[in-house]
Amino acid sequence: MTGSVHALIQGVVLGILTGGVYALMASGQTLIFGIMKVVNLAQGALVILAAYLSYTLFTSFGLDPLLTIPLTTVIMFGLGVVIQLVFLRPLKREDSAQLSLLVTFAVALLLEGFMSVVWKTTYRSTNTDYANSSWTFWGIQFTVVRVVAFVLSLVALGLLFLLLNRTKFGRAVRATVQNPMSAELLGVESKRVAALGFGLGAATAAAAGSVYGLLYPFNSGSHYDLISELLSIVVLGGLGSVGGAVIAALIVSTSSAVVATVFSPTWSSFTFFVILILVLLVRPQGLFGTVERGAL
Amino acid sequence: MSIRSLVRGGVFVAALMALPLLGFEHWVLNLMIFTLMYAAMSSAWNLVGGFAGYPSLGHAAFFGLGAYFVGLWFQHHAVVTGYEPFLVLPIAGLIAAVVGFPIAWIAMRTRADVFAIVTITLLFVAQTLAFNLDSLTGGAQGLAMPTPPFELARFEWPFYYAMLWILLASMGITYLSMRSKVGLSLDAIRADEDKALGVGVHVQGVKVLSFSISVALVAMAGGVWAYYETFTYPQFAFDPIITIGMVLMCFLGGRGTLWGPVIGAFILVPGQQYLAYRLGGSQFYLIAYAGVFLLIMLLMPRGILPTIADRVRRRRAIAASSEGPPPADASPPTAGPGSNVPVPSGGAA
């Protein structure tokens with residue numbers, strides 16, 4: 001009995017700590033949806049690409065993956081802007097929502113192919129000297145990496161929050177999310193916001209990727225696992241809602257960790273799907289989504 | 001017009017029926033099996049993705065379901081004549097339809113993008129389950145099928161004809177639905193679902209029905225594939241490339257048309273084999289494939305057939321206005337589908 005309670009608590013702790021990273025990844029994804037109404041299926045691939053970047057910086061130059069985050073953030077931001085300009089902006093048709101979905105899927109495959117050419121398909125992991133150390137309080141294990149990852153994700157999310165709520169660009173983004181047409185009438189350059197917003201969404205993948213590389217072994221195909229998890233989170237939170245994505249990430253990650261520790265890891269990946277289906281049955285717009293427009 | 005399409009269909013069926021009799025080498029028949037398989041699946045995808053406008057990214061989940069159903073069935077049943085796996089295909093299709101029905105019913109209550117999210121998640125969940133439930137599926141070790149006891153000279157024939165039958169079923173259903181109220185309903189749903197509901201279309205029923213039929217056909221193709229390959233692995237049965245192949249071929253040929261997905265498959269599958277042969281490693285192949293996809297989406301998002309149809313219509317309009325004889329203009333554009341295919345070399349971005 002105490003054993004299962006212990007496992008439950010350990011699962012919750014693990015889930016919350018991991019949830020921070022997922023919150024970061026999902027916030028980028030939901031931001032992109034909010035601004036452009038594009039479900040970015042390449043978000044997982046962008047995270048893995050960022051993980052490879054920090055892995056290479058670590059193995060080739062000995063730079064700590066946590067310290068290179070500013071650099072990878074800039075790179076991922078630039079890449080995001082380029083993807084938007086080259087692949088998404090030209091889609092100017094009435095069914096651009098459907099097309100953009102498939103285009104981002106193709107971008108994900110393109111990135112996957114690129115990564116498997118550059119880094120091969122063997123599993124990599126960023127093994128820092130603190131990778132395996134942990135603290136234990138009251139019999140509950142706290143891995144250093146996970147705690148660091150959690151704190152770091154909170155910091156990144158805080159910065160994102162400040163950017164969206166305290167800057168002129170952030171105001172333009174929020175206006176576009178709420179009502180693109182009115183925003184444009186009031187002088188927001190929606191094309192510029194779309195490009196920079198996609199860049200911003202991709203930039204959140206940088207910090208998330210560095211942390212992902214510390215937590216899990218990954219290869220170029222890992223983005224498939226990520227994308228289904230991220231999408232479930234984003235739907236649960238309500239497409240376009242950053243706050244919703246954060247809360248949904250914690251819920252999904254915790255329940256999946258609890259299922260893994262209490263029952264079996266086999267079914268933990270199924271948790272995402274069950275949650276997704278339940279959300280669609282009970283509240284299709286998600287926890288914090290609105291039926292008509294996006295909300296931040 | 002209907003005489004013409006009858007002739008076109010008749011020639012197509014006759015040519016494909018006769019092809020194995022012409023004594024081609026094994027690799028040609030092997031290539032044709034995969035071409036027919038993708039043509040069938042792309043046609044089936046077209047019912048949901050092309051006609052109803054709901055882009056399913058999870059059809060490979062049902063392909064894998066069919067493959068694993070046939071694989072698991074023959075863990076417990078013996079193969080004597082070699083034709084038993086083809087006989088259980090309808091059961092595989094039925095199971096896929098039964099599994100797909102509630103999923104579609106839930107996922108199709110929302111917009112197309114959430115539908116795409118649910119279906120792609122389904123694909124990866126299915127793959128993970130196939131990996132993890134190793135007591136049932138054999139996990140990463142894969143599932144072995146009995147070796148088909150066909151004589152070597154005609155080894156490919158049963159698989160070829162099985163795939164052909166699935167393709168013809170798929171095209172037949174497409175044709176019938178285009179000629180019936182179902183097709184009209186699907187058109188209305190794609191154009192404006194709320195208005196369709198308003199004028200009394202059974203929106204939900206038609207959508208879910210087309211999804212169930214579509215995934216049933218795909219599962220049957222998966223069953224044939226599993227038997228042909230004799231080994232089923234999670235990463236190949238639930239491969240996102242299979243989904244993307246169906247979608248890509250449908251987009252290339254033309255969504256919402258009868259012949260579009262077939263043309264797409266007949267161009268892309270041989271092209272794909274050529275790429276794999278020339279580029280060797282699968283990684284470059286993935287880049288090239290994604291590159292072709294992006295080019296098609298950006299340059300010709302409507303596909304070959306609608307683009308040609310537009311051009312023909314425009315020429316006819318010009319010809320009619322400049323008092324030229326209209327029938328003379330009907331023939332030249334039919335020669336040109338190949339020239340519209342984007343060159344795959346521009347793959348890397």
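Two residues are in contact if their C-beta atoms, placed from the backbone, lie within 7 Å. By that rule, 26 residues of domain 1 of chain B are in contact with 20 residues of domain 2 of chain B. This is a predicted model: local features need pLDDT of at least 70, side-chain atom pairs count only at pLDDT 80 or more, and totals for chains, interfaces and linings use all residues. Residues are numbered from 1 along each chain as its sequence is written, while chains are lettered from A and ligands numbered from 1 in the order in which they are written.

Start with chain B. Domain 1 of chain B covers 1-238 and domain 2 covers 239-349; such bounds come from an automatic or database domain assignment. The C-alpha centres of the two domains lie 22 Å apart. On the side of domain 1 of chain B that touches domain 2 of chain B, α2 (26-52), α3 (59-76), α8 (157-178) and α12 (234-237) each supply at least two residues. Helices here are DSSP runs (H or I, at least four residues), numbered from the N terminus. The largest share of that side, 13 residues, comes from α2(B). By class, the side has 16 nonpolar, 10 polar and no charged residues. Ala, Val, Leu, Ile, Met, Phe, Trp, Tyr, Cys and Pro count as nonpolar, Asp, Glu, Lys and Arg as charged, and the others, Gly among them, as polar.

Now follow α2(B) to α13(B). Their axes come within 8 Å and cross at roughly 75°. Axes are lines fitted to C-alpha atoms, for helices over the stretch in contact, and angles run from 0 to 180 degrees between N-to-C directions. From α2(B), the contact takes in Y38(B), M41(B), S42(B), W45(B), N46(B), G49(B) and G50(B); from α13(B), it takes in G245(B), M246(B), V247(B), M249(B) and C250(B). These residues divide into 7 nonpolar, 5 polar and no charged.

Next, the meeting of the chains. Here 38 residues of chain B are in contact with 37 residues of chain A. On the chain B side, α5 (89-107), α6 (112-132), α13 (240-253) and α15 (282-299) each supply at least two residues. Of these, α6(B) gives the most, with 14 residues. The chain B side divides into 29 nonpolar, 7 polar and 2 charged residues.

One chain A residue reaches across. E112(A) sits in helix α4 (residues 96-119) of chain A. Leaving aside neighbours within four places in sequence, E112(A) is in contact with A45(A), S220(A), G221(A), H223(A) and L286(B). E112(A) counts as buried because 27 C-beta neighbours lie inside 10 Å. The cut-offs are 20 or more other C-beta atoms within 10 Å for buried, 12 or fewer for exposed, and anything in between for partly exposed.

Stay in chain A. L152(A) lies in helix α5 (residues 144-166). L152(A) is also buried, with 20 other C-beta atoms within 10 Å. Not counting residues up to four places away in sequence, L152(A) touches L66(A), A207(A) and V211(A).

Finally, turn to a helix pair in chain A. The axes of α2 (residues 43-61) and α8 (residues 190-215) of chain A come within 7 Å and cross at roughly 55°. That makes α2(A) oblique to α8(A). By class, their contact has 12 nonpolar, 5 polar and no charged residues.

Conventions:
Angles under 35 degrees count as roughly parallel, over 145 as roughly antiparallel, 65 to 115 as roughly perpendicular and the rest as oblique.
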